[in-house]
Amino acid sequence: MASAGDQAFDYGFLLGITEELQTSQALNEYLSCRSYVAGFCPSAADAEVFALLGRPPLLHHVHALRWYRHIAALQLGPETPPELCRKGKRLLPPWSPPTGSEPPKLKLYNSLTRNKEVFVPQNGKRVLWYCCGPTVYDASHMGHARSYISFDILRRILMNYFRYDVFYCMNITDIDDKIIRRARQNYLLEQYRQKKPTASQILKDVLTSREPFQAKLAETTDPDKKQMLEKLDSAVSAALGPLQGAVESGTSDAVLLNHAQVLLEEAKDLLSDWLDSQFGSQVTENSIFSLLPKYWEGEYHKDMEALNVLPPDVLTRVSEYVPEIVDFVKKIVDNGYGYESNGSVYFDTAKFDSSHNHSYAKLVPEAVGDQKALEEGEGDLSISADRLSEKRSQNDFALWKASKPGEPSWESPWGKGRPGWHIECSAMAGSILGESMDIHGGGFDLRFPHHDNELAQSEAYFENDHWVRYFLHTGHLTIAGCKMSKSLKNFITIKDALAKNTARQLRLAFLMHSWKDTLDYSNNTMESAIQYEKFLNEFFLNVKDILRTPTDITGQFEKWEAAEIDLNKSFYGKRSAVHEALCDNIDTRTALEEMRALVSHSNSYMASRKSARLMPNRTLLQTIAVYLTDMLKTFGAIEGTEAIGFPVGGNGESADLESTVMPYLRVLSDFREGVRKIAREQKVTDILKLCDSVRDETLPDLGVRLEDHEGLPTVMKLVDRETLLKEKEEKRKLEEEKRRKKEDAARKKQEQEMAKLAKMKIPPSEMFRSELDKYSAFDDKGFPTHDSEGKEISKGQIKKLRKLYEVQEKLYNDYLQMSQNGS
């Protein structure tokens, strides 16, 4: 056979061979170095040799046999001459691609449009992201965790799931009205303590400082703030009483000083405010204002590391960017959107908003004119009457603030001053990310005025209208349904939260809620996260135990029955659903529910195989477990390199620990099972109890859980020691409760039996005689005839009493019978 233009095969030499075996051998040698399968109809030479052979060549004549079968397939029949073949050249049939379906695109809720928008980075897969960092003047709390864990989850998913190249920049606010006030107050209070004031001096100063505090309390209308102030006032009042009483009674100096120190601790907020109002203007050293934020920034980073929050690629501090901020403000003024007033510089919102290319308050336009929000944005130290009168409009905000006595200051073209709050983010983000970024993140309460002012001044600087493409704002965090606020002293620090729950449990709680909605931090929320973690962990432990079961290499690939096909279909369905959920505004709540459903299906599959005394399909379960582990790693809920499940032991120790310990545990488990078998056969209960003690008492202390299943090998699981000890304690409590209930039931039963026996001992003739409050006369059998008032008992009443008498008579006779029988 030959294609068009090729020289035809020459089979002529075969015609001279008469021996059939030699013909087959010669043909095989001839075809071993030639190509003959080309898809054409047989040539005349093919047909002639085909007829010559008469039957297929031997099996070891591989090339000849392949040719023979090919010619036979092309022939319409063994007698059909090649000239009857009318197909000519055989062509590939037409092919068309599948219709397919449009894959879902990632959408993010953009605060700029208040809608979910398709995420399109400005430069391919490169994503520039700026996040507003903390103002470091106190301990980080769960409100901070709400934002930074949520953004860490979003960041990890964009990087590790959607494969974007994310460049993440975050700031630290270390120059701020709150920081300045707190630093001054801490400094002045420490100075006050160092002077070692007498008890009478402390009492006098606290009483003096309480007057303006109580005036402030009387003026406060916000119910949450008023409640906080009232609570503080009550604590001070409670501490005042003992000291005042001790002063009046002439108690010893030691006792007086002890009461004074208690009062000083309770009244430190009042005293700090009063000291600041008296002496705050005398604090001028810049270093005093840098010590406080430096300390709390360090604590913040420790908290973030403990929460497994990735550090930013770039961290900027306001104190390190003052020259850039000054230049930024100068250009805004030069562009016509800022003005100087009494050494301060303000942003001209009216001028900016009237510009053809600009719009003020893109995020919350309805909030323009909200004086409360604007004043909070300016800061407590910047809303005095003289400062407010410097502005052309009440909507204008400070870019640069002239420093007052008692405030840190830096040189500028407008005199000594300090940066406004909003300008810091614009200048620092602009320095690092340029004139436009893809994502800007922050808490929901920062939308107005902070982020709206950032947008305005940045677009005034760059003369564009797209400084931020996507604004992402995390939802509020409440504490058991109540508002949380550092200023209200109603907050839980991250350290306190981590003392109750692990970082993974906190992260799972956040994953189980939408990142953009309010999250309630409560016992119920955390219990849900704990149970979800336990649910997943048990699945991983069961799969790892199955994978440890010895098998040869072929045993790893078992035939799939309907159960495996169904589970695999579920796996790909849930995997697709997880992807769709993540594309839909990174909906981790739905993603985790789909993962839960996949685990439930897998558990049902394992249970059904177990009940049938069959091994589950190892490869399928391993594939599912690896996928779930990878997703949890993507979410930041698993650290380490182990392929399946949560790490056991310290970070990075899990894989080594498991591979090292498991062979020894297998030996121990097999030995124990052998001992139990002998003990059951010979009914040696003490040995069985000892085996149970090893399982229930000894191994949990080492982080090992053994699970015995009738007729099946013992399941071995490496579990966190603290988790096992907690389970052990809960089991002990349950058993104790069960024992107590059993004892209570036995005691109650015994009491009932004793009461019944006591009742049985009473002769029927005596049962009514003791009830003199009801009856006054009886017949010779002890049956009542008259009531307590001497009236004859009615026939209806006698009928009822007769029934009671007969019942007692029967009980008494039973008692007599029991006594005679000695029971």
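Is Ala480 buried or exposed? At 56% relative accessibility, Ala480 counts as exposed, because the cut-off for that class is over 50%. The structure described here is a predicted model.

**Two residues with positive phi**

Most residues other than glycine have a negative phi, and most peptide bonds are trans. Ala480 is not a glycine, yet its phi is positive, at about 50 degrees. Its place is the loop between strand 12 and strand 13. Arg114 also has a positive phi without being a glycine, with a value of about 60 degrees. Arg114 sits in the loop that runs between strand 1 (107–110) and strand 2 (115–118). With 37% relative accessibility, Arg114 counts as partly exposed.

The peptide bond from Phe448 to Pro449 is cis, and its omega is near 5 degrees. Pro449 belongs to helix 16, which covers residues 447–462.

**The sheet around Ala480**

Strands 12 and 13, on either side of the loop that holds Ala480, belong to an open sheet of three strands. The order in this sheet is 13-12-14, and the pairing is mixed. Strand 13 (482–483) and strand 14 (519–521) stand at the edges with a single partner strand each, so one side of each has no neighbour in the sheet. Strands of a sheet pair through backbone hydrogen bonds, either parallel or antiparallel. Strand 12, made of residues 477–479, pairs with strand 13 in the antiparallel sense over two bridges. Thr478 has Lys483 of strand 13 as its bridge partner.

**A buried strand**

Strand 3 covers residues 126–131, and five of its six residues are buried, so strand 3 is largely enclosed by the rest of the structure. Buried here means under 20% relative accessible area. Strand 3 pairs with strand 4 (residues 165–172) in the parallel sense, over six bridges. Opposite Trp129 stands Tyr168 of strand 4.

| Helix pair | Axes come within | Crossing angle |
|---|---|---|
| Helix 6 (residues 199–219) and helix 8 (residues 253–266) | 9 Å | roughly 30 degrees |
| Helix 18 (residues 503–511) and helix 21 (residues 588–611) | 8 Å | roughly 105 degrees |

The crossing of helix 6 and helix 8 is left-handed. On the side of helix 6, the contact involves Ala199, Ile202, Leu203 and Val206. On the side of helix 8, it involves Leu256, Leu257, Ala260, Gln261, Leu263 and Leu264. Of the residues in this contact, nine are nonpolar, one is polar and none is charged.

The axes of helix 18 and helix 21 cross at roughly 105 degrees, which makes helix 18 roughly perpendicular to helix 21. Angles from 65 to 115 degrees fall in that class. Helix 18 contributes Leu508, Phe510 and Leu511 to the contact, while helix 21 contributes Thr588, Arg589 and Leu592. The residues of this contact divide into four nonpolar, one polar and one charged.

Key:
Residues numbered from 1 in each chain as written. Predicted model: local features only at pLDDT ≥ 70, side-chain atom pairs only at ≥ 80, totals over all residues. Heavy atoms only, no water. Axes fitted to C-alpha atoms, helices over the stretch in contact; angles between N-to-C directions. Helix = DSSP H or I, 4+ residues; strand = E, 2+ residues; numbered from the N terminus. Left-handed = near helix turned anticlockwise from the far one by under 90°. Contact = heavy atoms within 4.5 Å. Nonpolar A, V, L, I, M, F, W, Y, C, P; charged D, E, K, R; others polar. Pairing = 2+ DSSP bridges. Buried < 20%, exposed > 50% of the residue type's maximum accessible area, 1.4 Å probe, protein only. Parallel < 35°, antiparallel > 145°, perpendicular 65-115°, else oblique.
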